[in-house]
Amino acid sequence: MLCITMRKGDYFLIGKDIVVQLDTLSGSRVHLTINAPKDVPIVRGEVLERNGGKRPDCVYQD
C-alpha cells in the first residue's frame, strides 16, 4: 500500500488515465477530485458496504 502526504492542489496518477487531486481541506474532511474514464467504476466505500460489498483487506478501520 502507498501512503501519500499531499497539500492542496497536489495530485497523483493511477496508470495513464486516472488523476486524483486534493481539492480542498476543511477541518477533518478532504475533498478529492477524480478524473477517470467513464468505464472505470468509482464507488464510495460506504456505498459498497451498504450494498453488501466486502471492505478490501488493505483498508484499515479506525
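Colleague: Is Arg 55 buried, exposed or partly exposed here?

Modeller: In this predicted model, Arg 55 counts as partly exposed, because its relative accessibility is 28%, a value that falls between the 20% and 50% cut-offs.

Colleague: And which side chain does Arg 55 meet in a salt bridge?

Modeller: Arg 55 meets the side chain of Glu 49, with 3.3 Å from N to O, and Glu 49 likewise counts as partly exposed because its relative accessibility is 34%.

Colleague: Switching topic, which residues form the nonpolar patch on the surface?

Modeller: That patch consists of Leu 25, Val 30, Leu 32, Ile 34 and Ile 42, which together have about 470 Å² of accessible area. Strand 3 gives the most to the patch, namely three residues, whereas Leu 25 sits in strand 2 and counts as exposed because its relative accessibility is 51%.

Colleague: What about the largest pocket, and which residues lie nearest its centre?

Modeller: The largest pocket holds about 1500 Å³ of space and is lined by 26 residues, with Met 1, Phe 12, Val 20, Leu 32 and Val 59 nearest its centre. Strands 1, 2 and 3 and helix 1 each give two or more residues to the lining.

Colleague: How does that lining divide into nonpolar, polar and charged residues?

Modeller: The lining has 20 nonpolar residues, two polar and four charged.

Technical notes:
Residues numbered from 1 in each chain as written. Predicted model: local features only at pLDDT ≥ 70, side-chain atom pairs only at ≥ 80, totals over all residues. Heavy atoms only, no water. 1 Å grid on protein atoms, 1.4 Å probe; cavity = no way out; pocket = protein on both sides within 12 Å on 5 of 7 lines; lining within 4 Å. Points joined across faces, edges and corners; volume = space filled by probe spheres on them. Helix = DSSP H or I, 4+ residues; strand = E, 2+ residues; numbered from the N terminus. Nonpolar A, V, L, I, M, F, W, Y, C, P; charged D, E, K, R; others polar. Patch = residues over 30% accessible without salt bridge, like charges linked within 9 Å, V, L, I, M, F, W, Y side chains within 5 Å. Areas by Shrake-Rupley, 256 points an atom, 1.4 Å probe, with all protein chains shown as cover. Salt bridge = Lys/Arg side-chain N within 4 Å of Asp/Glu carboxyl O. Buried < 20%, exposed > 50% of the residue type's maximum accessible area, 1.4 Å probe, protein only.
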